[in-house]
Amino acid sequence: MSTTQHSERADLVCAMAAAHADERGPLLLILHEVMDEFGYIDATDIPIIADVLNLSTAEVHGVVSFYHDFRTTPPSGRVLALCRGEACQAVGAEDLFTTARRLSGSRADVEVRQIFCLGNCALGPSGMIDGVLQGRLTADVVTAAVEGKPS
Ligand code: FES
């Protein structure tokens, strides 16, 4: 990341933090917004957020590291987060997860992650493909996603 990019990012993260600072439970809101904007939370974001919220960097880091959804490295490519919650398991989620893992193999451009309940149980099996919630996933959809083809 160049110095200019770093500065722009720092300014934006600071603005995001300031925009939520007076809300209830601002830290999670800010972290989600940073994830939405950049796809990950950089180590340099943590002291900025901590400063705006008057928290220690350890407190912010603790929250970032506690939740698996907060990644600290940029995604290397397509990200499939497949639900393995009970409702989705009852409609074939385990097979989809196994298929996605097998197809992605050692590919560096696809990341298959597990997630437990997206609140979309009625439309399971559910998952997020590049951050977009999808229901009624099928092996064809998952295969196309792993292979980078439109489904
Ligand atoms: S169990 Fe999968 S969305 Fe709820």
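A residue counts as buried when its relative accessible area is under 20%, as exposed when it is over 50%, and as partly exposed in between. Tyr-67, at 37% relative accessibility, is therefore partly exposed. The model described here is a predicted one.

**Aromatic residues and the surface patch**

- The structure contains two aromatic pairs. In one of them, the ring centres of Phe-66 and Tyr-67 are 5.0 Å apart and the planes stand at 90°, so this pair is edge-to-face.
- Tyr-67 also pairs with Phe-70, again edge-to-face, with 5.9 Å from centre to centre and 80° between the planes.
- Phe-66, Tyr-67 and Phe-70 accordingly belong to one aromatic cluster.
- Leu-28 belongs to helix α2, and its relative accessibility of 35% is why it counts as partly exposed.

**Nonpolar cores**

- The largest nonpolar core has 18 residues, and those touching the most other members are Leu-31, Val-34, Ile-41, Ile-49, Val-60 and Val-64.
- Two or more residues of this core come from each of α1 (3-20), α2 (26-38), α3 (45-53) and α4 (57-66).
- Beyond its neighbours within four places in sequence, Val-60 makes contact with Leu-27, Ile-46, Ile-49, Ala-50 and Leu-55.
- Another core, of 13 residues, lies apart from the largest one; Leu-96, Phe-97, Val-112 and Val-141 are among its members.

**Helix α7 and its cover**

- Helix α7 spans residues 139-147, and its buried residues include Val-141, Val-142, Ala-144, Ala-145 and Val-146.
- Among the elements covering the buried residues of α7 are β1 (78-83), α6 (93-104), β2, β3 and β4 (132-134).
- After α7 comes Gly-148, which has a positive phi, near 75°.

**A buried loop residue**

- Asn-120 is located in the loop that runs between β2 (110-115) and β3 (127-129).
- With a relative accessibility of 14%, Asn-120 falls under the 20% limit and therefore counts as buried.
- When residues up to four places away in sequence are set aside, Asn-120 touches Ser-126, Leu-133, Gln-134 and Gly-135.

Conventions:
Residues numbered from 1 in each chain as written. Predicted model: local features only at pLDDT ≥ 70, side-chain atom pairs only at ≥ 80, totals over all residues. Heavy atoms only, no water. Core = buried A, V, L, I, M, F, W, Y, C linked by side-chain atoms within 4.5 Å. Buried < 20%, exposed > 50% of the residue type's maximum accessible area, 1.4 Å probe, protein only. Helix = DSSP H or I, 4+ residues; strand = E, 2+ residues; numbered from the N terminus. Contact = heavy atoms within 4.5 Å. Phe/Tyr/Trp six-rings, centres within 6.5 Å; stacked < 30°, edge-to-face > 60°.
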